[in-house]
Amino acid sequence: MLHTRQRQRGLTIFGLVVWAFFVGFMGLMAIRVWPSFNEYLTIQQTLTRIMKGDSRPGSASEVRAAFDKQSQIEFSIATIKGADLEIETVNERMEVRFDYNKQIPLVGPVSLLVNYSGKVR
């Protein structure tokens with residue numbers, strides 16, 4: 001009789017611990033980074049609404065004032081102000097750019113530095 005030995009498949013306790021650590025770390029990262037990423041998306045949407053809305057601003061000061069007014073309404077925008085926006089005219093169209101860093105504490109002395117940037121025409 002010829003017996004063929006099949007390899008066992010499965011996950012060892014060590015493998016389970018490694019996967020649990022990995023999944024837990026990724027979950028922690030997602031929980032800590034999401035509010036910051038949501039703020040970035042809100043800034044991008046706010047600037048798009050300002051620049052493509054019915055009452056388009058004609059000058060840089062109007063863009064800054066509209067952004068400051070909107071950020072008072074939208075409580076999730078706390079990192080940048082209207083004065084932090086870089087506004088220039090390119091091919092007779094106004095372009096608004098923003099760039100900021102967000103330091104996100106993870107565990108103890110370990111933190112994550114994320115650089116957000118975007119532009120709206």
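Reader: Which residues is Arg56 in contact with, once its neighbours within four places in sequence are left aside, and what makes a pair a contact?

Author: Arg56 is in contact with Ile50 and Met51, if its neighbours within four places in sequence are left aside; the word contact is used for heavy atoms within 4.5 Å. This is a predicted model, in which local features need pLDDT of at least 70 and side-chain atom pairs count only at pLDDT 80 or more, while totals for chains, interfaces and linings use all residues. Residues are numbered from 1 along each chain as its sequence is written, and side-chain values use heavy atoms, with hydrogens and water left out.

Reader: Where does Arg56 lie, and why is it called exposed?

Author: Arg56 lies in the loop between H1 and helix H2 (60-73), where helices (H or I, at least four residues) and strands (E, at least two) are DSSP runs numbered from the N terminus. Its relative accessibility is 62%, and exposed means over 50%, buried under 20% and partly exposed in between, with a 1.4 Å probe and protein chains only, so Arg56 counts as exposed. Arg56 and Ala66, which are 10 residues apart in sequence, have C-alpha atoms 10.0 Å apart in space.

Reader: How do you know that E2 and E3 pair, and in which sense?

Author: Two strands pair if DSSP finds at least two bridges between them, and strand E2 (residues 93-107) and strand E3 (residues 110-120) have 11 bridges, in the antiparallel sense. Among them, Phe98 has Gly118 in E3 as its bridge partner, and Asn101 has Asn115 in E3. The two strands form a hairpin with 2 residues between them, and in the turn Gly108 has a positive phi of about 55 degrees.

Reader: What is the order of the strands in the sheet, and what makes E1 and E3 edge strands?

Author: The 3 strands form an open sheet in the order E1-E2-E3, with antiparallel pairing. E1 and E3 each have a single partner strand, so one side of each is left without a neighbour in the sheet, and they stand at its edges. Neighbouring strands of this sheet are turned by 20 degrees against each other on average, direction ignored; axes here are lines fitted to C-alpha atoms, for helices over the stretch in contact, and angles run from 0 to 180 degrees between N-to-C directions. Helix H1 (residues 13-52) lies across E2 and E3 and runs at about 165 degrees to E2.

Reader: What makes Glu95 buried, and which salt bridges does Glu95 form with Arg97 and Arg121?

Author: The relative accessibility of Glu95 is 5%, which is under 20%, so this residue counts as buried. Glu95 forms a salt bridge with Arg97, at 3.4 Å between the closest N and O atoms, and another with Arg121, at 2.9 Å from N to O. Arg121 lies in the segment after E3 and Glu95 in strand E2, so this pair ties together parts that are 26 residues apart in sequence. Salt bridges that share partners join Glu86, Glu88, Glu95, Arg97 and Arg121 into one network, and the structure holds 5 salt bridges.

Reader: What makes the residues around Phe25 a nonpolar patch?

Author: Patches are made of residues with over 30% relative accessible area and no salt bridge, in which like charges are joined within 9 Å and nonpolar side chains (Val, Leu, Ile, Met, Phe, Trp, Tyr) within 5 Å. Phe25 lies in helix H1 and has a relative accessible area of 37%, which makes it partly exposed. Leu11, Trp19 and Phe22 are also among the members of this surface patch, which has about 1,100 Å² of accessible area together; such areas come from the Shrake-Rupley method with a 1.4 Å probe, and for residues only the protein chains shown count as cover.

Note on methods: A salt bridge is a side-chain nitrogen of Lys or Arg within 4 Å of a carboxyl oxygen of Asp or Glu.
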